[in-house]
Amino acid sequence: MRIGRRSLPRVIDYALAVVVVAVAVWTFTGVPEPYPARPTLGSVPVNPELVVPGLLGLVMLSRLITDEFSGATPIVGVLGSLTLFLATMSMYILYAAEAGGVFVGGAFTLLSGIVLAAVVLLQGAVRTGRRWRRTADVSVQ
């Protein structure tokens with residue numbers, strides 16, 4: 001299967017959305033996680049519950065800014081901004097702030113990422129359905 005230059009960004013979007021859902025499943029169902037509890041990249045702590053949804057939000061915002069994601073709705077921009085904001089603030093609170101207590105920022109970030117992933121995947125399904133319908137209409141005529 002050959003991926004064209006225009007479809008590669010969408011494949012990246014869909015792959016990130018699926019990874020967000022997979023991280024959510026690992027986090028919320030109690031399935032053993034395939035990564036350590038406090039993973040690091042060198043000396044930098046990398047929490048998948050924060051990094052993956054934040055990365056999806058960043059990618060979706062970059063698609064909107066560069067106009068690579070044609071047909072994107074304002075909801076993608078709002079959810080992408082919210083997810084990136086929550087991920088950034090959660091990373092700051094978790095690793096840089098000196099406050100103690102229970103940390104729930106990861107849950108909010110992951111929930112926002114799940115909603116964003118669902119919207120991205122739903123838009124892809126609708127786009128594919130429209131393309132198939134156009135192809136079927138052309139072949140019938």
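This is a predicted model: local features need pLDDT of at least 70, side-chain atom pairs count only at pLDDT 80 or more; totals for chains, interfaces and linings use all residues.
Residues are numbered from 1 along each chain as its sequence is written, and side-chain values use heavy atoms, with hydrogens and water left out.

The protein has four helices and two strands, these being DSSP runs (H or I, at least four residues, for helices; E, at least two, for strands) numbered from the N terminus, and their order from that end is α-β-β-α-α-α. Of its 141 residues, 32% are buried, that is, under 20% relative accessible area with a 1.4 Å probe and protein chains only.

Helix H2 (residues 48–66) packs against helix H3 (residues 74–95) at an angle of about 140°, the axes lying 8 Å apart; axes are lines fitted to C-alpha atoms over the stretch in contact, and angles run from 0 to 180 degrees between N-to-C directions. H2 and H3 are therefore oblique to each other, a class left over once angles under 35 degrees (roughly parallel), over 145 (roughly antiparallel) and 65 to 115 (roughly perpendicular) are set aside.

Ser 90, placed in helix H3, is buried, with a relative accessible area of 4%. Its side chain reaches the backbone oxygen of Leu 86 at 2.7 Å, and, not counting residues up to four places away in sequence, Ser 90 touches Leu 50, Phe 103, Gly 105, Gly 106 and Thr 109.

How values were computed. Buried means under 20% relative accessible area, exposed over 50%, partly exposed in between (1.4 Å probe, protein chains only). A polar contact is a pair of N or O atoms within 3.5 Å; within protein, one must be able to donate a hydrogen and the other to accept it, and residues adjacent in sequence count only if both atoms are side-chain atoms. Contact means heavy atoms within 4.5 Å.
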